[in-house]
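Student: I would like to learn how to read a model of this kind, feature by feature. Please give the general idea where there is one, and then the case at hand.

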Amino acid sequence: MASEITRKYPRCIATISAGFEKGDFLVREEKGQRVYFDFFEEAFNYIAAKGYSRMSKGEEGEWMELMESIHASVKGGMKYNTGRLLMVLHKPLIPTEYGDEPELESNAMLPMP
């Protein structure tokens with residue numbers, strides 16, 4: 001599990017979850033910023049415009065399992081509604097020059113420009 005999570009470059013992750021009163025979908029991103037949306041497409045377009053792309057299914061599944069395990073470890077349960085995690089996205093922290101492509105595994109997705 002840990003070998004898949006570790007990459008050759010540092011990165012940020014963001015998540016899209018469902019099941020909230022303020023909006024049907026919640027995007028959680030860097031620095032704890034939370035933004036609510038009524039439609040999934042709005043949530044996805046918002047985070048994609050910030051340079052995030054979806055992880056490969058295997059890696060995304062590992063992150064989902066990790067977060068579920070972490071939330072379950074909180075004694076007495078989580079203080080806030082964590083919702084249902086739908087998608088995990090990522091973006092590299094190291095900017096690349098135009099035309100340079102980061103080294104990725106065979107089925108990994110490139111970050112959006």
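Student: What does the accessible surface of the chain come to, and what share of this surface belongs to carbon and sulfur atoms?

Tutor: This is a predicted model, and the accessible surface computed for its chain is about 7,800 Å². Carbon and sulfur atoms hold 54% of that surface. Of the 113 residues in the chain, 32% are buried.

Student: Which part of the chain has the lowest confidence, and which the highest?

Tutor: Where pLDDT is low, the predicted coordinates should not be read in detail. Here the mean pLDDT of the chain is 79, with 72% of the residues at 70 or more. Confidence is lowest in helix α1 (residues 2–5), with a mean of 45, and highest in α2, at 95. Over residues 1–6 pLDDT stays under 50, and for this stretch the model has 11 contacts beyond four places in sequence.

Student: In what order do the elements of the chain run from the N terminus?

Tutor: The order is α-β-β-β-α-β-α-β, which comprises 3 helices and 5 strands. Among contacts between residues at least 6 apart in sequence, 62% join residues at least 24 apart.

Student: How many bridges join β1 to β5?

Tutor: There are 8 bridges between β1 and strand β5 (residues 84–92), and the two run antiparallel. In this pairing A14 stands opposite L89 in β5. β1 also pairs with strand β2 (residues 25–28), in the antiparallel sense, over 4 bridges. There A18 stands opposite F25 in β2. On its other pairing, β2 is joined to β3 by 4 bridges, again antiparallel, and F25 stands opposite F37 in β3.

Student: Why is β1 described as largely enclosed?

Tutor: The reading follows from burial, for which the cut-off is a relative accessible area under 20%. In β1 (residues 11–18), 7 of the 8 residues are buried, so the strand is largely enclosed by the rest of the structure.

Student: Which residues have the most contacts inside the largest nonpolar core?

Tutor: They are I16, V27, F37, A43, I47, Y52 and L89, in a core of 13 residues. At least two residues of the core come from each of β1, β2, β3 (34–37), α2 (40–49) and β5. The most come from β1, which gives 4.

Student: Is F20 buried or exposed?

Tutor: F20 is buried, at a relative accessible area of 12%. Y36 counts as partly exposed, at 30% relative accessibility.

Student: Where in the chain do F25 and F40 lie, and how are their rings set?

Tutor: The ring centres of F25 and F40 are 5.8 Å apart and the planes are at 70 degrees, so this pair is edge-to-face. F25 lies in strand β2 and F40 in helix α2, 15 residues apart, so the pair links distant parts of the chain. F25 is buried, with a relative accessible area of 17%, whereas F40 is partly exposed, with 28%. F25 and F40 form one aromatic cluster with F44.

Notes: Residues numbered from 1 in each chain as written. Predicted model: local features only at pLDDT ≥ 70, side-chain atom pairs only at ≥ 80, totals over all residues. Heavy atoms only, no water. Buried < 20%, exposed > 50% of the residue type's maximum accessible area, 1.4 Å probe, protein only. Pairing = 2+ DSSP bridges. Core = buried A, V, L, I, M, F, W, Y, C linked by side-chain atoms within 4.5 Å. Phe/Tyr/Trp six-rings, centres within 6.5 Å; stacked < 30°, edge-to-face > 60°. pLDDT = per-residue confidence, 0-100. Contact = heavy atoms within 4.5 Å. Areas by Shrake-Rupley, 256 points an atom, 1.4 Å probe, with all protein chains shown as cover.
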